[in-house]
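Welcome! Take a moment to look over the sequence and the structure below, and then read on for a short tour.

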Amino acid sequence: SSNGVVQLNVECYGGGLWHTWFDRDLSIAGRVILRDPTDPNKFSHRLVKIDRSILRIPNLCIHLKSQKEREAFAVNSEDH
């Protein structure tokens, strides 16, 4: 947690149409691994599905990018 923001580690599974994720409301679903607060060596897992929009990945509008910038745009699924 930093400045009131929690960063989640996520992993991309398979290929994706990554541009379809930008500029739209997104939610989160998946498996969460929790550490037991009384025993740090014990873990459990839960399935989570949030039924509301909680984030949006902004994209600069296309008319503010040059042709070269549009062609060079690539999502690095390991870093972003």
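Predicted model: local features only at pLDDT ≥ 70, side-chain atom pairs only at ≥ 80, totals over all residues.

## Surface and burial

The protein has 80 residues, of which 4% count as buried. Here, a residue is buried when its relative accessible area is under 20%.

## Layout of the chain

You will find 1 helix and 4 strands in the protein. Starting at the N terminus, the order of the elements is β-β-β-β-α.

What about contacts across the sequence? Taking the contacts between residues at least 6 apart in sequence, 47% join residues at least 24 apart.

## Two salt bridges

Side chains of opposite charge can pair when their charged atoms come close. Across the whole structure, a search turns up 2 salt bridges.

One of them pairs Asp-25 with Arg-56, and their closest N and O atoms are 2.7 Å apart. Because Asp-25 sits in strand S1 (residues 25-26) and Arg-56 in strand S4 (residues 55-56), this pair ties together parts that are 31 residues apart in sequence. Asp-25 counts as partly exposed, at 46% relative accessibility, and Arg-56 is partly exposed too, with a relative accessible area of 47%.

Now turn to Lys-49 and Asp-51, which also form a salt bridge; here the closest N and O atoms are 2.9 Å apart. Are these residues buried or exposed? Both Asp-51 and Lys-49 are exposed.

Conventions. Residues numbered from 1 in each chain as written. Heavy atoms only, no water. Helix = DSSP H or I, 4+ residues; strand = E, 2+ residues; numbered from the N terminus. Buried < 20%, exposed > 50% of the residue type's maximum accessible area, 1.4 Å probe, protein only. Contact = heavy atoms within 4.5 Å. Salt bridge = Lys/Arg side-chain N within 4 Å of Asp/Glu carboxyl O.
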